[in-house]
Amino acid sequence: ERMRLSFDVAEDCNNLIIPKFTIQPLLGNAINYGVGKMLEPCAISVRIYREGEVCVCQVRNQGPPPEDDLMGKLRRGELAAQGTGVGLLNIDQRIRSVFGEEYGVTVFRDEKAEETVAQARFKAMTAEEMEGKSRE
């Protein structure tokens, strides 16, 4: 009763791979920092869609805004990661090491929707394409 969860996966993403341990930590953070910080019910939405050759896994929640430049501060070591699980920085590092520096995790506030957004962006690939890439 404290959380409303919805999923929206674009049809053109059905055959794409999502790196392991990507959605779970994004969703876990939405629960901890969204639902956990609110007294009233919190809506969380998970959306997976394509932007050209990029797959975007986005988790939105109605919780409080994130710290400014959260990912930049984590990458520079200016902010200590919290929790004990696979964190945003770990997801970001794994995605960047596999797909390149133009990909990774961002966290920001969508002021118009009044939502905090955590998203992972990586190259849209099928399992077969990924297997071929790992052989290179």
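This is a predicted model: local features need pLDDT of at least 70, side-chain atom pairs count only at pLDDT 80 or more; totals for chains, interfaces and linings use all residues.
User: What makes up the chain, and in which order do the elements run from the N terminus?

Analyst: The chain holds 4 helices and 5 strands. From the N terminus on, these elements follow the order β-α-β-β-α-α-β-β-α. Of the 136 residues in the chain, 39% are buried. The accessible surface comes to about 8,300 Å², and carbon and sulfur atoms account for 50% of that surface. Among contacts between residues at least 6 apart in sequence, 63% join residues at least 24 apart.

User: Why is Ile31 called partly exposed?

Analyst: The relative accessibility of Ile31 is 33%. Buried requires a value under 20% and exposed a value over 50%, so Ile31, at 33%, counts as partly exposed.

User: Where does Ile31 lie, and what makes it part of a nonpolar patch?

Analyst: Ile31 is located in helix α1. Membership of a patch requires over 30% relative accessible area and no salt bridge, and nonpolar side chains are joined within 5 Å. At 33%, Ile31 is above the accessibility cut-off, so this part of the requirement is met. The patch consists of Met3, Leu5, Phe7 and Ile31, with about 350 Å² of accessible area together. Strand β1 supplies the largest share, 3 residues.

User: Which residues of helix α1 are buried, and against what do they pack?

Analyst: In α1, which spans residues 23–33, the buried residues are Pro25, Leu26, Leu27 and Ala30. Their packing partners are β1 (3–9), β2 (42–51), β3 (54–61), α3 (88–99) and β5 (115–123).

User: Which residues of α3 are buried?

Analyst: The buried residues of α3 are Leu88, Leu89, Ile91, Asp92, Ile95, Arg96 and Phe99. They cover an arc of only 160° around the axis, and therefore lie on the same side of α3. An α-helix has 3.6 residues a turn, so residues three or four places apart point the same way. Just after α3, Gly100 adopts a positive phi of about 120°.

User: What is the N to O distance between Glu101 and Arg96, and why is Glu101 called exposed?

Analyst: The side chains of Glu101 and Arg96 meet in a salt bridge at 2.7 Å, N to O. Glu101 has a relative accessible area of 58%, above the 50% cut-off, and is therefore exposed. Salt bridges with shared partners connect Arg75, Asp92, Arg96 and Glu101 into one network.

User: Why is Leu74 called buried?

Analyst: Leu74 has a relative accessible area of 9%, under the 20% cut-off, and is therefore buried. Leu74 lies in helix α2, residues 70–75. Leu74 and Leu89 are 15 residues apart in sequence and 6.5 Å apart in space, C-alpha to C-alpha.

User: What is the phi of Phe21, and what is that of Asp69?

Analyst: Phe21 has a phi near 55°, a positive value in a residue other than glycine. Phe21 belongs to the loop between β1 and α1, and its relative accessible area of 54% is over 50%, so Phe21 is exposed. For Asp69, phi is near 50°, again positive in a residue other than glycine. Asp69 lies in the loop between β3 and α2; its relative accessibility of 43% is between the two cut-offs, so Asp69 counts as partly exposed.

Methods
Residues are numbered from 1 along each chain as its sequence is written. Side-chain values use heavy atoms; hydrogens and water are left out. Buried means under 20% relative accessible area, exposed over 50%, partly exposed in between (1.4 Å probe, protein chains only). Helices (H or I, at least four residues) and strands (E, at least two) are DSSP runs, numbered from the N terminus. Contact means heavy atoms within 4.5 Å. Accessible areas come from the Shrake-Rupley method with a 1.4 Å probe; for residues, only the protein chains shown count as cover. Patches are made of residues with over 30% relative accessible area and no salt bridge: like charges are joined within 9 Å, nonpolar side chains (Val, Leu, Ile, Met, Phe, Trp, Tyr) within 5 Å. A salt bridge is a side-chain nitrogen of Lys or Arg within 4 Å of a carboxyl oxygen of Asp or Glu. The arc is that of the directions from the helix axis to the C-beta atoms.
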